[in-house]
Amino acid sequence: MAEYAIEMLNITKKFPGIIANDNITLQLKKGEIHALLGENGAGKSTLMSVLFGLYQPEEGEIHKNGKRVTINDPNDANALGIGMVHQHFKLVECFSVLDNIILGVETTKGGLLQKEEARKKVVALSEKYGLSVDPDAIVEDITVGMQQRTEILKMLYRDNDILIFDEPTAVLTPQEIQELLTIMKNLAAEGKSILFITHKLAEIMQVADRCSVLRKGKYIGTVSVKDTTPEKLSAMMVGRDVNFVVEKKPATPKEVVLDVRNMTVASKHHKNNAVNNVSLQVHRGEIVCIAGIDGNGQTEFVYGLSGLEPLKSGTITMNGADITHLPIRRRLTMGMSHIPEDRHKHGLVLDYSLEDNIVLQRYFEPQFTNPFGFLKRKEIRKYANRLIEQYDVRSGQGAVTKARSMSGGNQQKAIIAREIDKNPELLIAVQPTRGLDVGAIEYIHKQLVAQRDAGKGVLLVSLELDEVMNVSDRILVMYEGEIVGEFDPKKVTVEELGLYMAGSKRKEAVR
Amino acid sequence: MLLLIQYTLIFASVLILVALGGCFSEHSGVINIGLEGIMVIGALGGALTMRYLTAGMPAFVVILLVVLASVISGMIFSLLLGVAAIKFNADQTLVGTALNLLGPAIAVVLVRAVNTAESVDNVSSTVVYGQAKKAFLVNMGSFEFNWFMLIALLILIASYIVLYKTRFGLRLCACGEHPQAADSVGINVYKMRYAGVLISGALGGLGGLVYITAGVSEWKFENGVAGFGFLALAVMIFGQWRPINIGLTALLFGMFRALSNVYMGFDALVALKLPSTIYNMLPYIISLIVLVFVSKKSRAPKAEGVPYDKGLR
Amino acid sequence: MSTEQKKEGSLLKKCIRNNGFQTIIGSLLCIIIGLFIGYIVLLVINPQGAGKAITAILKNFLYYPSAAAAKKYFGTTLVKASALLMCSLSVLFAWKVGLFNIGAAGQYVIGAGACLYCGLKFGMPWYGCLFAAMIAAALVGAISGALKAYFNVNEVISCIMLNWIGLYVVNMLLSNVKEQTTPYTRPLSSVNKSALLPNIGLDKLFSKNEFVTIGLLLAVVAAIAIWILLEKTKFGYELKATGLNKNAAKYCGMREKTNIILTMMIAGGLAGLGAGIFYLTGIEQWMVQQTSVPAMGFNGIAAAFLGGSNPIGAIFSSYFIQHITSGGTYVDKTMYCSQISDLISAFIIYLCGFVFFFKVRLNRYLDKRDEKKGGAK
């Protein structure tokens with residue numbers, strides 16, 4: 001018997017303008033949990049897509065049990081026993097859990113679907129591995145954790161023995177993460193071989209046997225986890241020692257700039273409120289961070305603040321003025337700046353040029369529009385060029401580059417330049433570093449601290465605990481639409497925060 | 001009264017067939033706004049077949065041949081939408097609109113060419129098929145039963161089973177809801193979408209045939225199918241893409257349409273002194289009002305109208 | 001390579017990369033393929049006269065040997081093209097904001113009903129009628145816009161419903177002002193001459209074609225105005241931003257709902273004006289027993305997309321579509337019928353759906369080629 005369940009040898013995959021995988025080799029032993037580590041854009045997802053038959057590599061071979069195989073589409077991968085839990089779940093939301101599991105491998109009799117046997121098998125599997133789900137529940141009604149278990153059952157139902165987990169912990173609470181890691185260990189113990197894609201070092205240290213590292217499309221090396229340390233792995237991942245600590249002076253909070261009282265926002269997905277009776281204050285000269293697992297009401301809270309969603313009840317006061325019922329434009333001109341969570345959905349008009357995006361919040365001001373409603377193109381160009389230079393926004397053709405063709409980091413820089421240069425009183429930054437490389441993250445953190453030091457109030461919403469701990473002056477934890485704790489980052493541990501984020505602890509007297 | 005029921009049933013049959021066609025296409029992820037054009041082409045195929053059928057054939061053969069002709073012409077025509085929308089990522093609304101214009105244009109050009117070839121003086125766009133049409137009808141007392149009523153009912157039941165109880169239906173709906181998910185479990189999204197569009201072509205074509213044989217024994221193709229394809233779209237939305245609801249909605253809309261034909265037989269309605277145009281208009285007004293109430297929580301397939309591109313994930 | 005050659009090469013390259021240039025190439029391809037298909041259909045129907053018929057369609061008014069007659073019918077084509085241009089402006093304006101105004105057809109019908117009724121029943125002067133046409137159609141457009149903005153009703157569906165409602169309403173309304181013996185409305189020239197658009201001497205340019213009026217100029221002015229509005233103003237900046245990304249538009253405080261309604265109102269008004277400048281020339285009367293929505297609005301969709309959804313492009317594409325539609329009437333009626341032109345223009349709309357794909361492919365090809373070149377260096 002061959003030692004390796006799957007080997008990917010010297011894989012090269014190119015896209016126009018970029019080599020996503022450059023001569024990468026990955027060997028997965030039978031029954032091991034093998035971590036694949038790398039930053040965003042390191043080529044992990046591309047490599048897995050190659051293994052899953054979604055892309056065809058230009059060079060390289062894939063071997064299963066020592067024999068060369070070709071994988072042209074997911075069907076081939078499936079036939080070879082390769083299954084994958086995608087980062088964004090591939091579930092049909094209006095189908096039941098069972099329908100999602102059998103989709104593609106249905107059994108029929110006389111042309112009609114036979115679900116009874118499938119149901120028995122699913123129930124048996126879920127008991128065997130501790131994957132609790134209700135087969136008849138509709139996917140859009142169940143929790144993210146349950147959706148993920150559905151994805152795992154999908155693989156087990158197909159009797160896959162090579163399981164790929166693509167960033168599976170990003171959407172889970174710390175407790176759910178522990179459950180998942182246990183499940184993964186169970187699966188490995190049953191002889192399944194697992195590829196675990198992540199950029200979280202702690203999880204690798206906890207469950208993985210070996211770890212392969214990619215950086216910028218290149219293969220860096222494979223190490224045995226018990227012989228390494230998080231610091232060594234981190235250095236392999238980023239190619240240099242990272243300064244995780246953000247340089248900043250102690251905060252000197254001044255008067256209140258934002259005062260939210262009893263804000264409640266209805267949810268679009270369920271009957272409960274997305275934001276429930278939240279009160280908080282932000283002072284000038286401090287960075288207040290809202291921490292929490294994705295989907296606990298942070299998004300809706302910011303929508304309520306910025307006016308994208310109406311409030312069910314509560315008041316918002318900015319600089320002493322009641323802005324609860326003001327339209328979005330008024331809030332923005334009164335000194336609110338908002339770096340949105342999703343730069344493609346809200347932050348940019350991707351098919352507009354960079355300069356048109358840079359004036360997106362100011363095009364109506366007299367300096368850019370004359371009294372007859374015509375745009376002053378020359379002024380816009382001048383202004384855009386100044387910001388491009390000042391904030392080092394890089395693009396192919398300068399001010400006239402289409403935003404769509406810019407890199408994620410530079411798109412984000414353009415948004416930050418636009419929002420900061422408005423000289424706001426209150427800066428709301430929602431996951432401002434999501435999906436960016438280390439250099440860009442450092443830059444953005446510096447900008448946030450600079451705004452604080454200039455006496456602005458900064459409200460940061462973040463899912464990354466490193467960012468929460470390093471950048472903020474005060475931490476508020478949000479859980480199921482409520483603020484469940486307030487902390488000084490210097491006096492709290494990540495573990496402690498995790499308990500609050502997962503809802504297993506809460507302080508009652510935070511309001 | 002009997003006449004009202006008869007007309008209601010036959011118009012409802014048309015709407016059921018065409019709306020189900022739209023339903024299959026949209027469940028696969030392709031918006032089919034070109035149903036009107038598909039109906040015209042289906043009607044054309046059927047009408048020309050009836051015109052050239054020799055007299056004295058058994059009724060069953062006539063029905064079979066005519067239905068086949070409509071279905072096949074509808075399917076071929078719907079391929080225009082399929083290829084553009086699925087292979088070339090064209091804007092589905094634009095292409096559908098083109099189909100609606102193309103259908104009547106082709107029909108008129110062809111019918112006129114046929115008529116003119118027969119006699120130089122005949123420049124009309126009318127096809128006469130009085131004889132062959134009788135094969136579809138069975139007189140039950142004063143009620144004129146049309147085989148298509150039964151066919152529509154059977155297809156309605158079949159659609160329900162296919163969509164909800166078979167492998168094909170499950171996969172089709174997956175392609176309209178989340179094509180990436182379908183692709184990741186090895187379903188060929190393109191194939192399923194072609195299947196959806198072709199079924200809509202078949203049912204749309206058949207619907208067109210039923211429509212032109214509903215009351216009259218000749219059809220002037222310059223009139224197209226007078227907006228029935230669009231009405232069927234409204235039925236589909238009103239029915240929230242579900243076969244049973246579509247059946248009920250079709251009955252309702254069919255009744256309004258029938259009223260405009262036979263309201264003279266009801267003293268109460270005649271006494272209202274409304275022009276018949278009002279009855280023609282009613283289904284459209286009602287659908288507009290209903291749309292206001294149902295559109296906020298529409299159950300439309302999530303990925304409809306979005307071209308599926310394997311490269312984008 | 002000499003520097004001059006190099007310059008030329010890069011100029012050509014720039015051209016091929018240019019979006020406008022690609023659009024023009026795409027549109028020309030659509031036209032050529034569309035005409036070719038039309039020719040094939042003619043061949044199938046009757047191989048003998050096909051060549052002659054397709055030339056007749058392309059020649060249109062040049063069919064007449066005398067220059068005076070040709071000029072006169074050129075004028076008629078222009079009058080129809082100007083109405084078509086307004087409809088295509090209506091479609092493309094809405095398209096810029098991400099809305100598919102299939103309702104231009106119905107808005108056109110409402111405009112026709114309003115201006116004819118005002119002219120025939122109330123004896124209003126032409127500017128009053130024109131204004132009525134614009135307002136009535138704008139209101140219908142606003143209904144679709146409001147339904148979209150406040151109730152999330154797909155504008156395509158609501159527009160389709162309104163097309164039919166509009167047709168029936170106008171049929172009923174104009175039945176009051178029709179001639180007793182025919183289903184046509186009474187001619188403006190005999191009932192109310194003041195409702196006819198002034199010629200300001202333009203008719204003399206076209207062999208006294210009395211239907212050539214200021215409508216022609218109005219349409220061209222409208223096209224230019226729409227272009228300026230979209231490209232040069234704050235309002236256009238907002239509308240296009242809303243069309244390209246309505247979430248971003250909302251995020252930066254644009255009133256997207258108001259903009260949607262306003263857009264559909266303007267689109268409706270344009271289509272209504274189109275009806276006004278057509279029916280107020282007296283060139284045609286309304287037939288009150290019509291059972292299908294006039295094709296003008298749908299052809300507007302063809303012209304809008306063929307013109308690359310650019311107002312200036314629409315001037316040319318509208319003329320072209322009308323040119324071949326009018327040309328259709330000159331085919332040999334013993335073999336073919338005039339609807340062959342409808343077939344060709346319908347097919348051209350169909351082909352317009354492929355233009356975007358064509359551009360993407362072309363750019364991908366150019367990228368690949370550049371990459372190879374870059375690698376060679």
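**Figure 1. Salt bridge between Arg171(B) and Glu106(A) in the predicted model****.** Arg171(B) pairs with Glu106(A) in a salt bridge whose closest N and O atoms lie 2.7 Å apart. Between chain A and chain B the count of salt bridges is 3. The rule also finds 5 residue pairs in polar contact across this interface, with both residues of each pair at pLDDT 80 or more.

**Figure 2. The side of chain A that touches chain B.** Elements of chain A that each give two or more residues to this side are α2 (74–79), α3 (97–102) and β8 (112–113). By class, the residues on this side of chain A comprise 14 nonpolar, 5 polar and 7 charged. In total, 26 residues of chain A are in contact with 21 residues of chain B.

**Figure 3. Area buried between chain A and chain B.** The size of an interface is often expressed as the accessible area lost when the parts come together. For chain A and chain B the buried area is about 2,000 Å². Carbon and sulfur atoms give 59% of that area.

**Figure 4. The largest cavity of the predicted model, with a volume of about 150 Å³****.** The lining of the largest cavity consists of 17 residues. Closest to the centre of this cavity are Phe52(A), Met84(A) and Arg158(A) from chain A, together with Ser184(B) and Val185(B) from chain B. The lining divides into 6 nonpolar, 7 polar and 4 charged residues. Helix α2 of chain A is also one of the elements that give two or more residues to the side touching chain B.

**Figure 5. The second largest cavity, with a volume of about 70 Å³****.** Among the residues that line the second largest cavity are Gly145(A), Gln148(A), Arg149(A) and Ile152(A). Leu172(A), Glu176(A), Glu179(A), Leu180(A) and Ile183(A) also belong to this lining. Helices α5 and α6 (174–189) of chain A each supply at least two lining residues. The lining of the second largest cavity holds 4 nonpolar, 2 polar and 3 charged residues.

**Figure 6. Cavities of the predicted model.** The count comes to 5 cavities of 30 Å³ or more.

Notes:
Residues numbered from 1 in each chain as written. Chains lettered and ligands numbered in written order. Predicted model: local features only at pLDDT ≥ 70, side-chain atom pairs only at ≥ 80, totals over all residues. Heavy atoms only, no water. 1 Å grid on protein atoms, 1.4 Å probe; cavity = no way out; pocket = protein on both sides within 12 Å on 5 of 7 lines; lining within 4 Å. Points joined across faces, edges and corners; volume = space filled by probe spheres on them. Helix = DSSP H or I, 4+ residues; strand = E, 2+ residues; numbered from the N terminus. Nonpolar A, V, L, I, M, F, W, Y, C, P; charged D, E, K, R; others polar. Contact = heavy atoms within 4.5 Å. Buried area = accessible area lost by both parts, 1.4 Å probe. Salt bridge = Lys/Arg side-chain N within 4 Å of Asp/Glu carboxyl O. Polar contact = N/O pair within 3.5 Å; in protein donor to acceptor, adjacent residues only side chain to side chain.
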